[in-house]
Amino acid sequence: MRSANRFLSILFVVFVAVGLSGCLTQQRTQGYDIPEDSLEQVRPGVSKELVEFVLGSPQTTNTFGDEKAYYYVETKVDKTAFGLTTVKSRTVLAVYFDKKDRVTDKAVYGLEDGKVVDVVSRRTPGFGQDRSFLQQLLGSLSF
């Protein structure tokens, strides 16, 4: 009887531990991990090749006339065992190049620098989409 109670106690503790482990969160980094020492190596005048060697290939690029920009995005998230993800911080490193592929400037942006954009889900009606089949058929007849 005593061993049965002990077994049930251990089984209960195991179930509680497994249940609570689902509530724990993991901190992860999505995208690039931008270390401070690498960031210090990116300064005006260095070549694009050195930036790619130190930071890797950019996540996205942009061109402004003769100038180029590389963007590296680092997102730190908390993820629960149930798949819920919460963004804790987002850092965007922008590296700007001149027409000779030399760094002219760099900037580090965070979540506080961004703007919330409202997404409008309305559709612009195209020709013929706002009328029924019968309306289209009668509309094509000329009297």
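**A tour from strand to surface**

Start by selecting aspartate 78, which counts as buried at 13% relative accessibility (buried is under 20% relative accessible area, exposed over 50%, partly exposed in between, with a 1.4 Å probe and protein chains only). You are looking at a predicted model, where local features need pLDDT of at least 70, side-chain atom pairs count only at pLDDT 80 or more, and totals for chains, interfaces and linings use all residues. Residues are numbered from 1 along each chain as its sequence is written, and side-chain values use heavy atoms, leaving out hydrogens and water.

Aspartate 78 sits in strand S3 (strands are DSSP runs of E with at least two residues, helices runs of H or I with at least four, numbered from the N terminus). Now show its contacts, meaning heavy atoms within 4.5 Å. Leaving aside neighbours within four places in sequence, aspartate 78 touches Thr25, Gln26, Gln27, Leu84, Thr85, Thr86 and Lys88.

Next, select valine 51. Beyond its neighbours within four places in sequence, valine 51 is in contact with residues including Tyr72, Val95 and Val103.

Then move on to strands S4 and S5 (residues 103-109), which pair in the antiparallel sense over six bridges; pairing requires at least two DSSP bridges between the strands. Across this pair, alanine 94 stands opposite alanine 107 in S5. The S4 and S5 hairpin has five residues between the strands, and aspartate 101 there takes a positive phi near 60°.

Finish at leucine 137, in helix H4 (residues 133-140). Is leucine 137 buried or partly exposed? Leucine 137 is partly exposed, with a relative accessible area of 42%.
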